[in-house]
Amino acid sequence: MALKEALAWRYATKKFDPSKKISQDTLDYILNTVQLAPSSYGLHHYRIIVVEDAAIRQQLKAAAYNQPQVTDASHLIVFAAETNINEEYVKRYVDQVAHIRNMERSALAGFEDMLLNKVSSLSAEESLVWAHKQAYIALGVLLAAASEVNVDSGPMEGFDPAKFDEILGLKELGLTTSVISAIGYRAEDDEYSKLPKVRKSASDLFIKI
């Protein structure tokens with residue numbers, strides 16, 4: 001369906017049908033679309049963990065205040081911010097740019113210097129806030145991509161990030177949990193699916209100057 005209609009159809013699903021699983025082709029489409037999400041300077045300040053393992057999801061459910069979406073949805077998607085966006089991170093990215101675009105690396109010296117100046121100007125806290133913000137952009141793309149192929153989603157901030165990091169071993173990977181989303185198919189008796197969507201009116205939302 002068209003994106004506008006897809007977003008009108010979607011809602012923050014609270015009750016998933018655990019018997020319905022997303023096909024591999026559909027999951028690949030969603031993830032490949034999220035891979036194209038924009039990020040500041042193209043740095044991809046996060047990684048995305050696709051959690052299918054039932055035992056791990058039971059542990060994560062306990063760390064998410066026992067919300068059933070964590071285990072009942074087809075998949076749980078965890079967006080995790082990079083905690084070490086530093087000189088080494090930038091240099092690896094510039095290497096990738098040169099390789100993919102078939103460029104001499106020296107031609108990217110100005111771009112590299114600009115990125116290095118940017119990351120060096122940020123405190124560790126500022127860098128992490130920056131990374132978390134980029135992860136939320138990717139979350140928005142996930143929700144849109146899922147709705148486009150009639151897959152339900154439930155973005156969630158109600159969880160203990162430190163416990164998620166521990167269960168998933170993220171600290172060792174230089175990552176920390178930003179936000180999560182369950183994806184799958186709504187249960188027929190999810191009462192939230194029947195509620196009219198409430199949004200600001202266009203006149204209240206948009207300010208034209």
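Which helices are included in what covers the buried residues of α6? Among them are α5 (87-100) and α7 (124-148). The rest of this report sets that helix in its surroundings.

This is a predicted model: local features need pLDDT of at least 70, side-chain atom pairs count only at pLDDT 80 or more, and totals for chains, interfaces and linings use all residues. Residues are numbered from 1 along each chain as its sequence is written, and side-chain values use heavy atoms, with hydrogens and water left out.

**Overview**

The protein has nine helices and four strands. Helices (H or I, at least four residues) and strands (E, at least two) are DSSP runs, numbered from the N terminus. Along the sequence the pattern reads α-α-β-α-α-β-α-α-α-β-α-β-α. The C-alpha atoms fill a box of roughly 60 × 50 × 35 Å, taken along the principal axes.

Of the 209 residues in the protein, 41% are buried. Buried means under 20% relative accessible area, exposed over 50%, and partly exposed in between (1.4 Å probe, protein chains only). Contacts are heavy atoms within 4.5 Å. Among contacts with a separation of 6 or more, 80% come from residues 24 or more positions apart.

A UniProt annotation from an unreviewed entry, "domain: Nitroreductase", covers residues 7-185. UniProt positions are given in the numbering used here, feature names are shortened, and annotations may be inferred rather than shown by experiment. Over residues 7-185 the chain is 49% helix and 16% strand. The end C-alpha atoms of that stretch are 15 Å apart.

Helix α6 has twelve residues and should span 16 Å at 1.5 Å a residue; its end C-alpha atoms are 16 Å apart, which agrees. The expected span is 1.5 Å times one less than the number of residues. Glu-112, Leu-115, Leu-116 and Val-119 are the buried residues of α6. Seen down the axis, they fall within an arc of 100°, so they line one face of the helix. The arc is that of the directions from the helix axis to the C-beta atoms.

Helix α8 also has a buried side. Its buried residues include Phe-164, Asp-165 and Leu-168. They cover an arc of only 100° around the axis, which puts them on the same side of α8. The buried residues of α8 pack against β1, α3 (54-62), β2 and β4 (175-184).

| Helix | Residues | Exposed on the other side |
|---|---|---|
| α6 | 109-120 | Gly-110 and Asn-117 |
| α8 | 161-168 | Ala-162 and Glu-166 |

**The sheet**

Four strands form an open sheet in the order β1-β2-β4-β3, with antiparallel pairing. The edge strands are β1 (46-51) and β3 (152-156), each pairing on one side only. Two strands pair if DSSP finds at least two bridges between them.

Six bridges join β1 to β2 (residues 75-82). Val-51 stands opposite Leu-76 in β2. Strand β3 is mostly covered, with four of its five residues buried.

**A loop residue**

Asn-84 is found in the loop between β2 and α5. How exposed is Asn-84, and what is its relative accessible area? Asn-84 is partly exposed, at 45%. It touches Tyr-89 and Gly-174, not counting residues up to four places away in sequence. Asn-84 and Ser-39 are 45 residues apart in sequence and 16 Å apart in space, C-alpha to C-alpha.
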